[in-house]
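Student: I'd like to learn how to read a few features of a protein model. Can you walk me through them?

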Amino acid sequence: MNFTDIALDFVGTSKESGTKTYNYNFCKNLFKEKINFKTVLFITKKYKEELKINNKKNIKIVTLSNIFENIFFRLLWVNIGLPVLIRFFNIKVLFSPMNISPIVIRFMNTKSILGLHSTLPWEYPGMIPGNIFRNFIMKQIMEISLNSANKILFCSKKSMDILKKKIHLKPHTTKYIYLGPGNNLEYNFFKNFNYNSKYILSVISCTRYHPILNMLKSFNKCIKKNNMNIKFVLVMNILDKNYYSEVCKYIKNNSLSEKIIILNNLPSKYLGKIYQNCKLYIFSSLSETFGFTTIEAMKNKCMVLVSKKGSLVEINSDSAVYFNPNNINDLSSKIKKYLVKNNKKKFIRNGIIRANFFSWKKNFKLTFAEITSFLKEEK
């Protein structure tokens, strides 16, 4: 019987998101490195086209319809289609990088490695966008996946420690591996944007665990109290439409339409220039396991203000100024201080060093070493 050593399940969303950033960078490095194990990669048609990859020695690509980007069809794929193909290819080790693996994996003769990139279902379940029933089902599948895994890979020590307090996890099954520095940004000009204006920037998903309203209230208080002429640019991926409506209502009711600019679902090819020209970068979150955009901002020489919640202090270290995302006065005072403060060079210098600490190549090698460790044990 012929065996395939490794299966990689990268059937995921192609929307601009942390999931897409992770998947694309991992797959790019997979095809850059020499792979000595027979590997099958499951991806959608759109991923394959955008990554411009084809079968190479020891790596077979199995392409699925883009319909499997949808969460419902993805669950069908993970729990029905994937187990069938694991049997067909006689897979020894499965790597599932997007929080869930087949429910039946524990009954199969296949080792399971799970990438866990969210602690939201255990910290702030009510702030997850979407249907409550669907979110409950997802949490149950995630817990089954965690309990079935032979190894769980987190993207920070803090997120690993948080989950260990919420769920009983065997110590030998857990490890954290830092991610890379976000997207490889391009520096194209967006024709509908005024780069000469003075502005604060936040690149953020519109969800309730990102307290965007508090951020805008802090900004509003700061500019009115100190009579400041500056704008706030929000580059947003809208995941929670109800929360987005609340944000828009606040802007309208406070006559801030000229001061707050929202760029919805802006392609990453325009982000580089927008980062480079901002006066401050702000990122507010209640639960973050890594946080790509703060590292992107640092790489582009931005002065960064970041929430002290989740893993953000661990990831950003001494390269950022921290604030309480639930305290409007705290952020407002720090916006004023670091807009007028001339001596930002220390933070900007530390930020560049910190951003260069993270590497997708290093992430891939460490992750792949964990995957192949089970194969080496057999030998």
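Tutor: Let's begin with strands: two of them pair if DSSP finds at least two bridges between them. Helices (H or I, at least four residues) and strands (E, at least two) are DSSP runs, numbered from the N terminus. This is a predicted model, where local features need pLDDT of at least 70, side-chain atom pairs count only at pLDDT 80 or more, and totals for chains, interfaces and linings use all residues. Residues are numbered from 1 along each chain as its sequence is written, and side-chain values use heavy atoms, with hydrogens and water left out.

Student: Which residue in strand 10 is the bridge partner of Val235?

Tutor: That's Leu263. Strand 9 (residues 231-238) and strand 10 (residues 260-264) run parallel, joined by five bridges.

Student: What unit do strand 9, helix 8 and strand 10 make?

Tutor: A crossover is called right-handed if, with the strands pointing away from the viewer, the path from the first strand over the helix to the second runs clockwise. Here, strand 9, helix 8 (residues 241-253) and strand 10 form a right-handed β-α-β unit.

Student: What about phi angles?

Tutor: Most residues other than glycine have a negative phi. Asn90 has a positive one, near 55 degrees, and sits in the loop between helix 3 (71-89) and strand 4 (91-96). Asn265 also has a positive phi, about 50 degrees; its loop runs between strand 10 and helix 9 (271-276).

Student: How many salt bridges does the structure hold?

Tutor: Side chains of opposite charge can pair when their charged atoms come close. The cut-off for a salt bridge is a side-chain nitrogen of Lys or Arg within 4 Å of a carboxyl oxygen of Asp or Glu. The structure has nine. One of them links Lys157 to Asp161, with the closest N and O atoms 2.7 Å apart. Both residues lie in helix 6 (residues 157-166), four residues apart, which is about one turn of the helix.
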